[in-house]
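Please read these points with the model open beside you.

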Amino acid sequence: MSVEKSPQIPSNPSHESKISSCYDTKSQVTGDSILLPSRIRGKVRDQYPLPTSLLLLTTDRQSGFDRALASVPFKGSVLNQISNFWFQKTSHIIPNHVINLPHPNITVAKKCAPFPIEMVVRSYMTGSTSTSIWKNYSQGTRLYCGHVLREGYVKNVELDETLFTPTTKDEHDRPISCKEIVEEGLMSKEDLEFCEKKVLEVFKFGQEWADSRGLILVDTKFELGKDSNGEIILIDEVLTPDSSRYWIKSSYEERIKEGKEPENIDKEFLRLWFRENCDPYKDEVLPEAPKEMVCELSRRYV
């Protein structure tokens, strides 16, 4: 599988040269050279507890299938600053954890207790991971996260309505319904209903903004938690191309008619490459993604 450059994303020779140089010299931000104690390593973000707050380092690590896939030049700084943009844009809907950004890769944030649920919102029948709506639907599932799915959907088409489709944060995430979340004691009914309402509002806000810029916000995941005052706040990252799927609006309908994948500015093409070249869930060692794919993903993010 090769990846084509989207004509909708203009080339910038200066950026592409810097991306290539960063890749060749292995200058990506991995977090391994940060000499601070008490590092809590995440899939993409590393946490460093401070006396009254939390330092979050957004690295260049690319995650997928619950593991690291590659290190993408400049990805961390782009994601951190995009998140900050959206945190500010959506603060009228729900407060968030941001205190300040002292560095492009770093956010100093409020300490909070995260909910053990990823708040996923979807508007299209798509995805390649084990928790995605298309993967489950294509395998015959018609009751997904508590939602009854009608017959007749094909990949990448718009759903009849936007759906709240949460997943757990287990070693391997699993789709779960709101009813099951409450029954398993993962969240109270009151907190869950509040979170569902707020993430749907943020998603709608993001869709409208994306549409005005020629993009389709397809799906995304949010994380929320409670701060020291017991207030529910938005945390982690918001509406980035790492936590979300974005398609190019102008070419969407034509490509669907031709049976092609939508043009995108997210990591889906990299996930598809791993699916074609290994079993990313079972293989102990993954093949190295080609430089051209890693650099193309960086180009799309930048």
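**Notes on side-chain packing and pairing**

1. Tyr124 is buried, with a relative accessible area of 7%. Buried means under 20% relative accessible area, exposed over 50%, and partly exposed in between (1.4 Å probe, protein chains only). This is a predicted model: local features need pLDDT of at least 70, side-chain atom pairs count only at pLDDT 80 or more, and totals for chains, interfaces and linings use all residues. Residues are numbered from 1 along each chain as its sequence is written, and side-chain values use heavy atoms, with hydrogens and water left out.

2. The structure holds 11 aromatic pairs. Rings of Phe, Tyr and Trp (its six-membered ring) pair if their centres lie within 6.5 Å; planes under 30 degrees apart count as stacked, over 60 as edge-to-face and the rest as tilted. Take Phe65 and Tyr281: centres 5.4 Å apart, planes at 85°, so edge-to-face. Phe65 is in the loop between β4 (61-64) and β5 (67-71), and Tyr281 is in the loop between α7 (268-277) and α8 (291-301), so the pair ties together parts 216 residues apart in sequence. Helices (H or I, at least four residues) and strands (E, at least two) are DSSP runs, numbered from the N terminus. Phe65 is buried at 5% relative accessibility. Tyr281 is partly exposed at 25%.

3. Back to Tyr124. Its ring and that of Trp247 have centres 5.2 Å apart and planes at 70°, so this pair is edge-to-face. Tyr124 lies in strand β9 (residues 117-124) and Trp247 in strand β16 (residues 244-248), so the pair ties together parts 123 residues apart in sequence. Trp247 is buried, with a relative accessible area of 3%. Elsewhere, ring pairs link Phe85, Trp86, Phe205 and Trp209 into a cluster.

4. Which charged residue sits over the ring of Tyr137? The charged end of Arg142 does, 3.7 Å from the ring centre. Arg150 lies over the face of Tyr153, at 3.9 Å from the ring centre. The test: NZ of Lys or CZ of Arg within 6 Å of the ring centre and within 35 degrees of the ring normal.

5. How many salt bridges does a search of the whole structure find? The count is 30. A salt bridge is a side-chain nitrogen of Lys or Arg within 4 Å of a carboxyl oxygen of Asp or Glu. Arg45 and Glu237 form one, at 3.2 Å, N to O. Arg45 is in strand β2 (residues 45-49) and Glu237 in the loop between β15 (232-235) and β16, 192 residues apart. Both Arg45 and Glu237 are buried.

6. Asp242 forms a salt bridge with Lys75, the closest N and O atoms being 3.3 Å apart. Asp242 lies in the loop between β15 and β16 and Lys75 in helix α2 (residues 75-89), so the pair ties together parts 167 residues apart in sequence. Asp242 is buried at 7% relative accessibility, and Lys75 is buried at 0%.

7. Cysteines next. The count is 0 disulfides, a disulfide being a pair of cysteine sulfur atoms within 2.5 Å. The sulfur of Cys178 is 8.4 Å from the closest cysteine sulfur, in Cys145, too far for a bond. Cys195 is in no disulfide; the nearest cysteine sulfur, that of Cys178, is 10 Å away.

8. Ala210 is found in helix α5 (residues 189-212). Ala210 is buried, with a relative accessible area of 0%. Leaving aside neighbours within four places in sequence, Ala210 is in contact (heavy atoms within 4.5 Å) with Leu215, Leu217 and Tyr246.
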